[in-house]
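Student: I have a model open and want to learn how to read it. Where do we begin?

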Amino acid sequence: MFPNLETERLILRELTQDDVQSLFNCFSNEEVTRYYGQEPFIELQQAEDLVDLFSKNFAAKRGIRWGIERKGEKGIIGTIGFHAWSPIHRRAEIGYEIHPDYWRKGYTQEAVTEIMSYGFQNMGLTRIGAVVFIENEASNKLLTKIGFHKEGILRDYMYQNGLAHDTFVYSILNNSSTLKFGKSEEVS
């Protein structure tokens, strides 16, 4: 069963085909995909396919992706989750995006800290990693602020608009003394 989570202002829930238009609105926005390692969506079918991919990845224990919804309002403002999930090695990488209309309001930090808690406490993760374009100042600052450690640079690691980009690689460990979040609460 898919774990729905709740924070002070957000519901993190399973994505459905009802979210296709909102997902398209995010992934077709060049500001959102600028540091994502993929080109902006140009067809609604791409968002439909992404919902299906997230569902298949969860079923196969390769990843888990939540839709981010503000409490009291229908529709997602972005997504967040784990990919490259390796249960046997107790690790996963975090990824997220939020529509620019909701930037600089603390939603990303709220969602990230909630799923970190879920990953460590409920999924048994020991390590959560992140790979971030060097130019993505907002994500680099956020990850550092909440306790991720920069481990190095992956040179020419991701392509965007046909150009290779260097990325920072980050991690946070379950035994880290810098963890800054509390216990996750599931909602039905």
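Student: What does the accessible surface of the protein come to, and what percentage belongs to carbon and sulfur atoms?

Tutor: This is a predicted model. Its accessible surface comes to about 10100 Å². Carbon and sulfur atoms hold 48% of that.

Student: How many helices and strands are there?

Tutor: The protein has 5 helices and 9 strands. Their order along the sequence is β-β-α-α-α-β-β-β-α-β-α-β-β-β. The radius of gyration is 16 Å, close to the 16 Å from the globule rule for 188 residues, so the protein is as compact as a globular protein of that length.

Student: What percentage of the residues count as buried?

Tutor: Buried means under 20% relative accessible area. Of the 188 residues, 47% qualify.

Student: How many salt bridges does the structure hold?

Tutor: It holds 7. Among them is Glu 69 with Arg 13, at 3.1 Å from N to O. Glu 69 sits in strand β3 and Arg 13 in strand β2, 56 residues apart. Arg 13 and Glu 69 also belong to a salt-bridge network with Asp 19.

Student: Are Glu 69 and Arg 13 buried or exposed?

Tutor: Glu 69 is buried, at 10% relative accessibility. Arg 13 is buried too, at 16%.

Student: Which residue meets Arg 65 in a salt bridge?

Tutor: Glu 97, at 2.9 Å from N to O. Arg 65 is in strand β3 and Glu 97 in strand β5, so the pair ties together parts 32 residues apart in sequence. Arg 65 is buried at 9%, and Glu 97 is buried at 4%.

Definitions and conventions. Residues numbered from 1 in each chain as written. Predicted model: local features only at pLDDT ≥ 70, side-chain atom pairs only at ≥ 80, totals over all residues. Heavy atoms only, no water. Helix = DSSP H or I, 4+ residues; strand = E, 2+ residues; numbered from the N terminus. Rg over C-alpha atoms; globule rule 2.2 N^0.38 Å. Buried < 20%, exposed > 50% of the residue type's maximum accessible area, 1.4 Å probe, protein only. Areas by Shrake-Rupley, 256 points an atom, 1.4 Å probe, with all protein chains shown as cover. Salt bridge = Lys/Arg side-chain N within 4 Å of Asp/Glu carboxyl O.
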